[in-house]
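Hello,

I am passing a structure on to you, with some notes on its strands. Please have a look at it first and then read on.

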Amino acid sequence: MSVLAAVNSHILYRETHQRDQKLRFWSNGSGLFPRKTSGFWVDLRNRDWKKISRRDLKAEAFWPDSSRPTILEMEPINDSDHLDQILAHAREISRPILIDWMAAWCRKCIYLKPKLEKLAAEYDTKIKFYCVDVNKVPQTLVKRGNISKMPTIQIWKDGEMKEEVIGGHKAWLVIDEVREMVKKFV
């Protein structure tokens, strides 16, 4: 018996509360007119017609700038010849490259990779981001990069390594250091 009374009282409260809210909304005349009138919203305070459709409002809320990607996947480097081709192309267009030396088993590398991909989208036209999984490439490539710890993020320009960040600490600190490093060479 008490369960039915509780359920009914909840329903009764909800219905009366909603009715009271509607009456308050209509009586004071402030706020937006809740009904869509021919695709536009009406502002009762100024009697202005706002020419913004509901679909446009939703799109602006979720995608403020849909012309640029938010994440760019880093291209993998497979061997020394592939690195030579990338460096030659970067030298031709006089653009630096960033290489993330990582391993699939390294937790910090896995955690850092999506953050670097967001950074790659930020600097899309200025620098190209690459990644190397040190367990899947020949050791000559790893020796060429002079890699001893992972993750190591390096900037290469004019065919040689210019600067590096060894990412053994917090990811947000590493991203800040990488961002400063990129700003130096871009």
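This is a predicted model: local features need pLDDT of at least 70, side-chain atom pairs count only at pLDDT 80 or more; totals for chains, interfaces and linings use all residues.

Residues are numbered from 1 along each chain as its sequence is written, and side-chain values use heavy atoms, with hydrogens and water left out.

Five of its six residues are buried, so E5 is largely enclosed by the rest of the structure. Buried means under 20% relative accessible area, with a 1.4 Å probe and protein chains only.

Strands pair if DSSP finds at least two bridges between them. E5 runs parallel to strand E3 (residues 75-76), joined by two bridges, and Glu75 has Tyr130 as its partner. E5 also pairs with E4 in the parallel sense, over six bridges, where Met102 is opposite Asp133. Between E4 and E5 the chain passes through helix H4 (residues 107-122) in a right-handed β-α-β crossover: with the strands pointing away from the viewer, the path from the first strand over the helix to the second runs clockwise.

What about E6 (residues 152-157)? Five of its six residues are buried, so E6 too is largely enclosed by the rest of the structure. Strand E4 (residues 97-102) pairs with E6 in the antiparallel sense over five bridges, and Ile99 faces Gln154 there. E6 is also joined to E7 (residues 160-166), again antiparallel, by six bridges. In their hairpin, with two residues between the strands, Asp158 has a positive phi near 55°.

Best wishes

Notes:
Buried means under 20% relative accessible area, exposed over 50%, partly exposed in between (1.4 Å probe, protein chains only). Helices (H or I, at least four residues) and strands (E, at least two) are DSSP runs, numbered from the N terminus.
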